[in-house]
Amino acid sequence: KPDSNAKLAAGIEELVDAEAGNIDRRIFWDESIYNLELERIFARCWIFVAHDTQLPNVGDFLTTTIGEDAVIVSRGEDGKIHTFLNSCTHRGNRVCFAEAGNSRRFTCNFHGWSYGLDGSLKNVSRPQSYSGKSNLDKSKLGLHKARVESYKGMHFACFDPEAPSLEEYLGEFRWYLDVILDNDEGGIEFIDGNIKSRLKCNWKFPAENFVGDSYHAPWTHSSALIAMFGKQPTMRPDRSYHANANGHGWEFGLDFIGNAATLNSPPIIDYLREQEAKFAERLGKVRSRMVGALSSANVFPNLSFLAGHNTFRTWNPKGPRSTELHTWVFLNANAPEELKEEYRRGVMLTFSPAGVFEMDDGENFENCTAVNVGVVTRQQQLHFGMGLDSKIEHEELRGNVYQSQINEANQRAFYQRWADLMGAETWADVPVR
Ligand code: FES
């Protein structure tokens, strides 16, 4: 079981005082903390690997990473989604070099061992050379598999056999995810194509930005918002919230349609208005107002989404100061075909590497990381204290709910979950929050 630094783990408490909103900057820079994250966060948690519509047929596959572990995600002959290490059990060579495709086997180009769609070892080259004592037990030499569980078409993988089920892991946040995944009986589909880009930042800066940082939007994106719309969007404290459960969080207003990413595209606005009654029937009035709202969210640790903007993205760590961003565009599978292009265009103009909002954000994330090169700088604390007394009871909203979208409650919950996992020996020591 991967866990190499118990002493470092014991000191995590001193670095994160999520309750008071004080976070030590070393968690964004230090190599040993990063290595512990790979073990205790990424090798332990449920990590999003694919949506069902990306792999519709037997043999469809894609390659991605869980932490820094390269994995293949494929639809097996049993029709199920499998996830396993993309590293041969003979000498460890990468088995699959393609980003996506359809295959019957994954064959290693070093000595020719070949693996099935479920990762099992099917054949080796020159099998006659493995005679007598050197006989191979192929049943023990498959590619190392992760658990795979799904929630409404979203497939997650986990390398920790002791982790709770995906359902428990998501907890109350499933109720919020349904706003996106279940506002229509057809569910969602991912539009073909996945944009990958690199940011020179620690992966936590963008994840915590999406979990709850509406505060930055009117300032960081001021010029873009004014150029595009002539004014700032309205965020009313009395009609907006932070909500979180188990470190997953969503910040949102109940304004139904106010999104910027689709540039207020008339066909999208018309579609959302036509469907509003149906959304309310499936989700209730409050959640129906979140479908197209100006909002952002993150499923711990690294799956972010924008509701009205219709993009999912993952922040894949590549060292403590580098992150690979994977971006997808989604829409309701039953939505009119012409909306695909409208949503795709909206995301490209705003939250793609060339998009106006993403360029604004990326510069901030990179500078927040890079400045910690200073040895004195990196020993300082960061302040996450906004809204410390904003927790409320809401008659409909679930999980932990806080008044006002301009808040830092979700960021504190994100870092509390991070600290819980980093400090825990096993999942049994991780509290439900
Ligand atoms: Fe893959 Fe030898 S390393 S077959």
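**Figure 1. Two strands pair if DSSP finds at least two bridges between them. In this predicted model, an open sheet of three strands has the order E1-E2-E21, and its pairing is antiparallel. Strand E1 (16-17) and strand E21 (381-383) are at the edges with a single partner strand each, so one side of each has no neighbour in the sheet. Strand E2 (residues 22-24) is joined to E21 by three bridges in the antiparallel sense. The protein chain as a whole.** The protein chain contains 13 helices and 23 strands. Its C-alpha atoms fill a box of roughly 75 × 55 × 40 Å along the principal axes. A compact globule of 433 residues would have a radius of gyration near 22 Å, and the value for the protein chain, 22 Å, agrees with this. Of the 433 residues, 44% count as buried. Among contacts with a separation of 6 or more, 67% are between residues 24 or more positions apart.

**Figure 2. An open sheet of four strands.** The strands follow the order E6-E5-E4-E7, and the pairing is antiparallel. Strand E6 (81-85) and strand E7 (100-102) are the edge strands, and each pairs on one side only. On average, neighbouring strands of this sheet are turned by 25° against each other, direction ignored. Strand E5 (residues 69-75) runs antiparallel to E6 and is joined to E6 by five bridges. Within this pairing, Arg75 has Ile81 of E6 as its bridge partner.

**Figure 3. The hairpin of E11 and E12.** Strand E11 (residues 147-151) pairs with E12 over five bridges in the antiparallel sense. Glu149 has Phe156 of E12 as its bridge partner. Two residues lie between the strands of the hairpin, and Lys152 takes a positive phi near 45° there.

**Figure 4. Ala146, in the loop between strand E10 (121-123) and E11.** Is Ala146 buried or exposed? Ala146 is buried, because 23 other C-beta atoms lie within 10 Å and the cut-off for a buried residue is 20 or more. Leaving aside neighbours within four places in sequence, Ala146 is in contact with Ile66, Val71, Thr83, Phe84, Ala157, Cys158 and Phe159. Trp46 is 100 residues from Ala146 along the chain, and the C-alpha atoms of the two are separated by 9.9 Å.

**Figure 5. Glu162, in the loop between strand E12 (154-158) and helix H4 (166-170).** Glu162 counts as exposed because it has 10 C-beta neighbours inside 10 Å, and the cut-off for an exposed residue is 12 or fewer. Which residues does Glu162 contact, leaving aside its neighbours within four places in sequence? They are Thr426 and Trp427. Glu162 and Trp427 are 265 residues apart along the chain, with their C-alpha atoms separated by 6.7 Å.

**Figure 6. Helix H6 (residues 204-212) and helix H12 (residues 356-370).** Two packed helices are described by the angle between their axes and the distance between the axes. The axes of H6 and H12 come within 9 Å and cross at roughly 130°. H6 and H12 are therefore oblique to each other. The crossing in which H6 passes H12 is right-handed. On the H6 side the contact is made by Phe205, Pro206 and Asn209, and on the H12 side by Asp361, Phe365, Cys368 and Thr369.

**Figure 7. H6 and helix H13 (residues 409-423).** How do the axes of H6 and H13 lie, and at what angle do they cross? The axes come within 8 Å and cross at roughly 135°. That makes H6 oblique to H13. H6 passes H13 in a right-handed crossing. In H6, the residues Ala207, Glu208, Val211 and Gly212 meet Ala409, Asn410, Gln411 and Phe414 of H13.

Definitions and conventions. Residues numbered from 1 in each chain as written. Predicted model: local features only at pLDDT ≥ 70, side-chain atom pairs only at ≥ 80, totals over all residues. Rg over C-alpha atoms; globule rule 2.2 N^0.38 Å. Contact = placed C-beta atoms within 7 Å. Axes fitted to C-alpha atoms, helices over the stretch in contact; angles between N-to-C directions. Parallel < 35°, antiparallel > 145°, perpendicular 65-115°, else oblique. Left-handed = near helix turned anticlockwise from the far one by under 90°.
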